[in-house]
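Please examine the model shown here and work through its architecture by question and answer.

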Amino acid sequence: GADWSSYVVRDGLLITGQNPASSSEAADVLVAALGELAAV
């Protein structure tokens, strides 16, 4: 992708973002993961 674009990867409980531009997307992925855990 373009320089400094958002890039987030989730592998199970591990969620990581490539750079500061990824923080918003990483937070969204985290909230979704917590929702999945709460539904169990």
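The questions below move from the overall fold to individual residues of this predicted model.

Q: In what order do the elements of the protein run from the N terminus on?
A: The protein has one helix and two strands. Its C-alpha atoms fill a box of roughly 40 × 15 × 10 Å along the principal axes. Read from the N terminus on, the order of the elements is β-β-α.

Q: How many bridges join S1 to S2?
A: The strands S1 and S2 run antiparallel. Within this pairing, Arg10 stands opposite Ile15 in S2. The number of bridges that join S1 to S2 is four.

Q: Which residue in the hairpin of S1 and S2 takes a positive phi?
A: The hairpin has two residues between the strands. The positive phi in question is near 65 degrees. The residue that takes this value is Gly12.

Q: Which residue forms a salt bridge with Arg10?
A: The structure holds one salt bridge. In this pair, the closest N and O atoms are 3.1 Å apart. The partner of Arg10 is Glu36.

Q: How far apart in sequence are the parts that the pair of Arg10 and Glu36 ties together?
A: The salt bridge is formed by Arg10 and Glu36. Arg10 belongs to strand S1 (residues 8–11) and Glu36 to helix H1, so the pair ties together two parts of the chain whose separation in sequence is 26 residues.

Q: Is Ser22 buried or exposed?
A: Ser22 lies in the loop between S2 and H1. Not counting residues up to four places away in sequence, Ser22 touches Ser5, Ser6, Tyr7, Val8 and Gly17. The relative accessible area of Ser22 is 0%, and because the cut-off for burial is under 20%, Ser22 is buried.

Q: Which residue has the backbone nitrogen that the side chain of Ser22 reaches?
A: Among the residues that Ser22 touches are Ser6, Tyr7 and Val8. The side chain of Ser22 reaches the backbone nitrogen at 2.9 Å, and the residue concerned is Tyr7.

Q: What distance separates the C-alpha atoms of Ala21 and Trp4?
A: Ala21 is placed in the loop between strand S2 (14–17) and helix H1 (23–38). Leaving aside neighbours within four places in sequence, Ala21 is in contact with Trp4, Ser5 and Ser6. Ala21 and Trp4 are 17 residues apart along the chain, and their C-alpha atoms are separated by 6.2 Å.

Q: What is the accessible area of the nonpolar patch that includes Leu30?
A: Leu30 lies in helix H1 and counts as partly exposed at 43% relative accessibility. On the surface, Leu30 forms a nonpolar patch with Leu13, Leu34 and Leu37. Together, these residues have an accessible area of about 430 Å².

Q: What share of the accessible surface of the protein belongs to carbon and sulfur atoms?
A: Of the 40 residues in the protein, buried residues make up 12%. The accessible surface comes to about 3,100 Å², and the share that belongs to carbon and sulfur atoms is 60%.

Notes: Residues are numbered from 1 along each chain as its sequence is written. This is a predicted model: local features need pLDDT of at least 70, side-chain atom pairs count only at pLDDT 80 or more; totals for chains, interfaces and linings use all residues. Side-chain values use heavy atoms; hydrogens and water are left out. Contact means heavy atoms within 4.5 Å. Patches are made of residues with over 30% relative accessible area and no salt bridge: like charges are joined within 9 Å, nonpolar side chains (Val, Leu, Ile, Met, Phe, Trp, Tyr) within 5 Å. Accessible areas come from the Shrake-Rupley method with a 1.4 Å probe; for residues, only the protein chains shown count as cover. A salt bridge is a side-chain nitrogen of Lys or Arg within 4 Å of a carboxyl oxygen of Asp or Glu. Buried means under 20% relative accessible area, exposed over 50%, partly exposed in between (1.4 Å probe, protein chains only). A polar contact is a pair of N or O atoms within 3.5 Å; within protein, one must be able to donate a hydrogen and the other to accept it, and residues adjacent in sequence count only if both atoms are side-chain atoms. Two strands pair if DSSP finds at least two bridges between them.
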